[in-house]
Number of protein chains: 2
Amino acid sequence: MDSGRGVVKMIDQRQLPHRLTVVECDNYREVASAIREMTVRGAPAIGAAAGFGLALAARESTATTRPQLERDLAQAAEVLRATRPTAVNLGWALDRIMAKARAVEGTLEQVRAAVTTEAVRIADEDVEMNHAMARHGAALIQDGDTVLTHCNAGALATVDVGTALGVIIEAHRQGKRIHVFVDETRPRLQGARLTAWELMQAGVPMTLIADNAAGHFMRKGKVQCVIVGADRVTANGDVANKVGTYKLAVVAKENGVPFYSAVPSSTIDIKLPNGDAIPIEERDAREVTHIDGVPIAPEGVHVSNPAFDVTPNKYVTALITEHGVVRPPFDENLARIMGAGPS
Amino acid sequence: MDSGRGVVKMIDQRQLPHRLTVVECDNYREVASAIREMTVRGAPAIGAAAGFGLALAARESTATTRPQLERDLAQAAEVLRATRPTAVNLGWALDRIMAKARAVEGTLEQVRAAVTTEAVRIADEDVEMNHAMARHGAALIQDGDTVLTHCNAGALATVDVGTALGVIIEAHRQGKRIHVFVDETRPRLQGARLTAWELMQAGVPMTLIADNAAGHFMRKGKVQCVIVGADRVTANGDVANKVGTYKLAVVAKENGVPFYSAVPSSTIDIKLPNGDAIPIEERDAREVTHIDGVPIAPEGVHVSNPAFDVTPNKYVTALITEHGVVRPPFDENLARIMGAGPS
């Protein structure tokens, strides 16, 4: 966020890897659109973006009384919250900032400032958490390993560094000779478009594969571990993540390949007992039937396009958090770190 | 094949579902190209196409002696055989026709005629086998079932009717109210382009999904069985099929969903003990990095693109053959039907 000019800047992820374009949003509705249209995506990134959206809403509000300002903020928060249902970071960031705003004792300007301060704090904390996860997670990767990842959980999906990709790039930075299989991640191809691009930028040796090929390589013993991010992890360690993660986790377990999900505590929904209650976003059929405007299916075909799936905890070897690597029993061990962690 | 004009006609499957175009090949090298470039694809269809290719080679040959004609045919057979390595039908059809040609006692014209006759017989038998498989397999589908299929094992992949899709369409024709989930089948999208098109033509209710979503629907109890074709089945019941089949079969088993492969005996390689010896074709990176010429990944990205994978027999509930539904132990039961079946 550029506080001086009152705009939120974000890389337009829909244009990558062909063009690196920065989009500017100067009101919260534009931020909401950017989240909905996936100009910005990735659970931590949309949490941070929503926070900055609320900061813009605080500036935009012409309220002259405290109740009026709180109403304007609450309304903006609901618009931002309604953009995407699955990632918990969105609601988490909004709730955290709204609580802060309500708690301020002071002038309207002080409330507005508190909203911006908290949004900035959330973004800064995200970077810190990712650095901590990268350190903890890199220890799980051995010299010579091939790691498989799905979707994009890199710097683009977060404020910086990344979750799963932060871990992988840290292992590379430490001098471990690793190789990464990148699932292309249909339908939106975040693996092919974003993860491949980030890894190439970072100089990490990698191979792009169709999602369908991941099982073949696991069965052939070519993959030593799977590391993905998450959009929401529940109290029992169930992991909602990009659709296809569940298949990957089942096949990993079947082949004795450890399956890790890298999640900052902002992605852990400790209030939800298990993954069955996580809302799964159904997105536009056109994501499946068209690629860059090119039709790839018969006109009028019926499509179902769930954007996420839930991987039950029994397929999860460990969760990589900013507090360390959490292993089963997840209920107990997640409750412990969430009690200890930042609010 | 149009015997009068000496051309082999085939639907250009690369143009579907947008355009229904028929390609004519008037020499065996064009048939070889059509198989290599996947103008024609599907194990039984490429077996039949190779047979007709050999029939064209017999006509093209200017040989005036028997050894010369047999050399020309053998050379054409090797060109046709080298086009694609995984499907066994290709070699099976060529070997069968070559054996027939060698066994003919008569004039050169009689040898040439025998080659054409055998190619036609292979094509006719394929249709008969598919009808028989459709009848046997349809009994496995109950009224109200949702069936999931991967890739295209329909009329386009065979001479007519189809293997897996023949079974599914027969169940629909019998009046069972079924629904089909169609995996889009990256990278070449045969599900989105061909299977969706065939099912829509046949009026079978269907939903196109990204391959990644198949696990989500199985876990939710929305799929009652998986039916796919095969490119080669070994003596122990291991199934080589379009890449992604293995992941599907593992996840099906994990969810108690029966997994069936519909295979004519021409696809059963009884001489190969198990799937480890099946050559897996590696295809062009461009199938992953481009869609209809549009780039979807960073330039210069490293890609691996295996076209098939092997599903070990422990994930296979049953094989649907023209002789009936074959269940484990596959070694024993496949040996029995292959002994009984046509050569």
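Okay, let's start in chain B, with helix α5, residues 108-138, and helix α6, residues 164-173: their axes come within 8 Å and cross at roughly 60°. Keep in mind that this is a predicted model. So what does that angle make α5(B) relative to α6(B)? With a crossing of roughly 60°, α5(B) is oblique to α6(B). The crossing is also right-handed.

If you want to find the spot on screen, look on the α5(B) side for B:Met133, B:Ala134, B:Arg135, B:Gly137 and B:Ala138. Across from them, α6(B) brings in B:Gly166, B:Val167, B:Glu170 and B:Ala171. Sorted by class, the residues of that contact come out as five nonpolar, two polar and two charged.

Now, staying in chain B, there's another helix pair. Helix α3 covers residues 66-81 and helix α4 covers residues 88-103; their axes come within 10 Å and cross at roughly 175°. That angle makes α3(B) roughly antiparallel to α4(B). On α3(B), the residues making the contact include B:Leu73, B:Ala74, B:Ala77 and B:Leu80, and on α4(B) you'll find, among them, B:Leu90, B:Leu94 and B:Met98. There are charged residues here too: the contact has nine nonpolar, one polar and five charged.

Strand β7(A), residues 232-234, pairs with β10(A) in the parallel sense, over two bridges. Here A:Val233 stands opposite A:Ile268 in β10(A).

Last stop, where the two chains meet. In chain B, 58 residues are in contact with 58 residues of chain A. The area buried between them is about 4700 Å², and carbon and sulfur atoms give 63% of that. Which residues of chain B lose the most area to chain A? Those are B:Asn212, B:Arg219 and B:Lys247, and together they account for 16% of what that side buries.

That's the tour, thanks!

Definitions and conventions: Residues are numbered from 1 along each chain as its sequence is written. Chains are lettered from A and ligands numbered from 1 in the order in which they are written. This is a predicted model: local features need pLDDT of at least 70, side-chain atom pairs count only at pLDDT 80 or more; totals for chains, interfaces and linings use all residues. Side-chain values use heavy atoms; hydrogens and water are left out. Two strands pair if DSSP finds at least two bridges between them. Helices (H or I, at least four residues) and strands (E, at least two) are DSSP runs, numbered from the N terminus. Axes are lines fitted to C-alpha atoms, for helices over the stretch in contact, and angles run from 0 to 180 degrees between N-to-C directions. Angles under 35 degrees count as roughly parallel, over 145 as roughly antiparallel, 65 to 115 as roughly perpendicular and the rest as oblique. A crossing is left-handed if the near helix is turned anticlockwise from the far one by less than a right angle, and right-handed if clockwise. Contact means heavy atoms within 4.5 Å. Ala, Val, Leu, Ile, Met, Phe, Trp, Tyr, Cys and Pro count as nonpolar, Asp, Glu, Lys and Arg as charged, and the others, Gly among them, as polar. Buried area is the accessible area (1.4 Å probe) that two parts lose on being put together, summed over both.
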